[in-house]
Amino acid sequence: MSYNNPFPDVPSGSKMYRISNCPPSHKMERHAKDYSDKKDANKGNKVHDILAGESDEDKSPFDAVQTAEMCDEQSKALLAEWQVYGEIPLGLRELRYGLTELGGVVRVDDQTKAQILFTGQFDLLYIQGTRGLLIDFKALHGNHPSAIENPQLMSLAVLVAKKHRLSEVRVALVQPWKGKPTTADLSPAGLALAESWMLAILEAERVSTPDDRKAGDWCNHCAARFNCSAQRARSINNLDLIRPETLPANPDTRNKAVFARMEELTSQQLIHAEENIIGLMGVFIAAHKAVFKARVEAGEIPGYTTREKKGRRSISDVGKVFASCAAHGVTADAFTAECSIGLGSVKELLKNATHAKGKSLDKLSEEVLTGCVETGKVSLEIVKVGQLE
Ligand code: SF4
């Protein structure tokens, strides 16, 4: 399956949430150096490949297979609930459509010659007469607006409705790690409203300038964030609560001062820090590390250079090490007490050995682990009251 967008210069559905909040962000990205690591995107693509039958489940990581199975299960339930029996719906998967300058919608690929203003790739579309069911899979754990307020789904619904002359579209967001799918039904009036909203966003994007930037949580997925002054100002504003520039230089005294300052914060300020600063600090640190390293490597930072760092040593032949240790009197019990293996690795080994999948793999893994797993001490975690079941 192709994840290459043949029209990277025009806005796309997956960026609509960000563009609707920060209109010039797509243009900013086109001129920015992207330092993002692609780990998460690759994980998500793996799940999509399995769902499309383009990746061998036996050779895929078990968590990707498990996520794909959950997505598949939820999408089948959505289809069963939506379809009208008697007619077999047409199923389409992973296609990219584009809005042309003339207001039409075409399927786009490397050969498309039309002037394209906007594109969007859907995961799964079922069509029955003039009704459509549009399903978007989110394979990871990130936060996404629910179907009824999801800009990506709204714009995809407009594209598929225009392309297939649909008068009603049900959009569904399937993110199994977050629970049940969310859905929204777009009637002809809803589709017309979604289209005028989409065209207004695209027009705001077209005429936007860097002065129209607006930073927020949508910056986390913007490739321009590493060098964006609006995003930097947001980070600094948030840090103002701790007033870092007024902290003592001595590391010992400074650490104590940070604790003392935290103690002084009101409950409201602590909630603000929890919801707006702490997560952002992680992004700030990761972004700083990535950009700093890239600039040092490019020779752009005076006074810094890079050197090779030895990789971590790890044991590659446990059996041989045990045999050598045993020769010196180390017992098998003492040796295994020092070895550990993650629950996920056991599952992966069982999957490779037995080719079991999904629930049967879960069951097998439970059987194998029965009586061999200890649970750590119960501890308290912070959750919002609304998240308590
Ligand atoms: S980093 Fe944020 S503020 Fe800057 S362009 Fe991207 S979305 Fe806009």
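**View 1. The largest cavity has a volume of about 100 Å³.** This is a predicted model, in which local features need pLDDT of at least 70, side-chain atom pairs count only at pLDDT 80 or more, and totals for chains, interfaces and linings use all residues. Residues are numbered from 1 along each chain as its sequence is written, and side-chain values use heavy atoms, with hydrogens and water left out. Searching the whole structure gives two cavities of 30 Å³ or more. A cavity is a set of points on a 1 Å grid, over the protein atoms alone, where a 1.4 Å probe fits but cannot get out; lining residues have an atom within 4 Å of a point. Points join across faces, edges and corners, and the volume is the space filled by probe spheres set on them. The largest cavity is lined by 15 residues, and Cys22, Ser25, Cys219, Cys222 and Cys228 are the closest to its centre. Helix 2 (25-30) and helix 7 (229-239) are the elements that each give two or more residues to this lining. By class, the lining holds nine nonpolar, two polar and four charged residues.

**View 2. Lys15 lies in the segment before helix 1 (16-21).** Helices (H or I, at least four residues) and strands (E, at least two) are DSSP runs, numbered from the N terminus. Beyond its neighbours within four places in sequence, Lys15 contacts His26 and Glu29; contact means heavy atoms within 4.5 Å. Gly120 is 105 residues away from Lys15 along the chain, yet their C-alpha atoms are separated by 9.4 Å.

**View 3. Six strands build an open, mixed sheet in the order 2-1-3-4-5-6.** Strands pair if DSSP finds at least two bridges between them. Strand 2 (105-107) and strand 6 (182-186) are the edges; each has a single partner strand, so one side of each is left without a neighbour in the sheet. From one strand to the next, the twist averages 35°. Five bridges join strand 5 (residues 168-174) to strand 6 in the antiparallel sense. Across this pair, Val171 stands opposite Ala184 of strand 6.

**View 4. Helix 4 packs on the sheet, touching strand 3 (116-128), strand 4 (131-137), strand 5 and strand 6.** The direction of helix 4 makes about 165° with that of strand 4. Helix 5 (residues 151-164) also packs on the sheet, where it touches strands 1 (90-100), 2, 3, 4, 5 and 6. Its direction makes about 75° with that of strand 3.

**View 5. Helix 4 (residues 62-82) and helix 12 (residues 343-354) cross at roughly 80°, with axes that come within 10 Å.** That makes helix 4 roughly perpendicular to helix 12 (65 to 115 degrees). Phe62, Val65 and Gln66 of helix 4 meet Gly344, Lys347, Glu348 and Lys351 of helix 12.

Note on methods:
Axes fitted to C-alpha atoms, helices over the stretch in contact; angles between N-to-C directions. Parallel < 35°, antiparallel > 145°, perpendicular 65-115°, else oblique. 1 Å grid on protein atoms, 1.4 Å probe; cavity = no way out; pocket = protein on both sides within 12 Å on 5 of 7 lines; lining within 4 Å. Nonpolar A, V, L, I, M, F, W, Y, C, P; charged D, E, K, R; others polar.
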